Amino acid sequence: MSSDDEPKAGEPITLDTLQHDILVPQIQAFLDATTDAQAREVYAALAASIEKLEVPPELAARLGAIVEVALTSGRIRKLFGPGAELSLNALFMKTPRGREIAQSLVELNKALATLKGQTVEQVIASQRSPGAYALTVKTSGCQVVIRFEQAGVRVESLEIDLG
């Protein structure tokens, strides 16, 4: 996605008609499932903004959470197919959580760039806790520990010049 397509912080997120058609029943399911008046109000506001194909910044995080649940459950691909899944993935990357994950990948790729041209001596995968894993890559000149968890991926540690 080009940076021109990405909303800046404080700007609304624009949806296309496919994203609208996918999200309307998802939001309705959340509305139907909750009895909490405050939550219903937020979902109703989100539904109204989806109808207008523009989600205001104050609802962007909620939109991201719903899109993330829909994607990780496999529900979108099953009900609407791979094109819909790709469309919602693109939408997710416009949300605060999607931008956060994209930034963590930029940082990870910077750390991995330090490995370029080095011979890998050791690669170890380990579990940090349920749902959290680490990958350690050691070369003669550095060691990077990459942590994978539900919140995303990040460099846990980077040691350079281990000699």
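**Figure 1. Contact between helix 1 and helix 5.** In this predicted model, Leu 18, Gln 19, Ile 22 and Leu 23 of helix 1 meet Gly 83, Ala 84, Ser 87, Leu 88 and Leu 91 of helix 5. The residues of this contact comprise six nonpolar and three polar, with no charged residue. Helix 1 spans residues 17-33, and its axis lies 10 Å from that of helix 5, at a packing angle of about 100 degrees. Helix 1 is therefore roughly perpendicular to helix 5.

**Figure 2. The lining of the largest pocket.** The volume of the largest pocket is about 170 Å³. Its lining consists of Glu 68, Leu 71, Thr 72, Asn 89, Phe 92, Arg 97, Ile 101 and Gln 150. Helix 3 (57-72), helix 5 (82-92) and helix 6 (96-113) each contribute at least two residues to the lining. The largest share, three residues, is that of helix 3. Sorted by class, the lining holds three nonpolar, three polar and two charged residues.

Figure 3. The strands are arranged in the order 3-4-5-6, and their pairing is antiparallel. Strand 3 (120-129) and strand 6 (152-160) are at the edges; each has a single partner strand, so one side of each has no neighbour in the sheet. From one strand to the next, the twist averages 15 degrees.

**Figure 4. The hairpin of strand 3 and strand 4.** Strand 4 covers residues 132-139 and pairs with strand 3 in the antiparallel sense, over eight bridges. Among the paired residues, Val 123 has Val 137 in strand 4 as its bridge partner. Two residues lie between the strands of this hairpin. Gly 131, in the turn, has a positive phi of about 85 degrees.

**Figure 5. Strand 5 and strand 6, with helix 6 lying across them.** Strand 5 (residues 142-149) and strand 6 run antiparallel and are joined by eight bridges. One of the bridge pairs sets Arg 147 against Arg 154, the latter in strand 6. Helix 6 lies across both strand 5 and strand 6, and runs at about 25 degrees to strand 6. Helix 6 is also one of the helices that supply at least two residues each to the lining of the largest pocket. Strand 6 stands at an edge of the sheet, with a single partner strand.

Technical notes. Residues numbered from 1 in each chain as written. Predicted model: local features only at pLDDT ≥ 70, side-chain atom pairs only at ≥ 80, totals over all residues. Heavy atoms only, no water. 1 Å grid on protein atoms, 1.4 Å probe; cavity = no way out; pocket = protein on both sides within 12 Å on 5 of 7 lines; lining within 4 Å. Points joined across faces, edges and corners; volume = space filled by probe spheres on them. Helix = DSSP H or I, 4+ residues; strand = E, 2+ residues; numbered from the N terminus. Nonpolar A, V, L, I, M, F, W, Y, C, P; charged D, E, K, R; others polar. Pairing = 2+ DSSP bridges. Axes fitted to C-alpha atoms, helices over the stretch in contact; angles between N-to-C directions. Contact = heavy atoms within 4.5 Å. Parallel < 35°, antiparallel > 145°, perpendicular 65-115°, else oblique.
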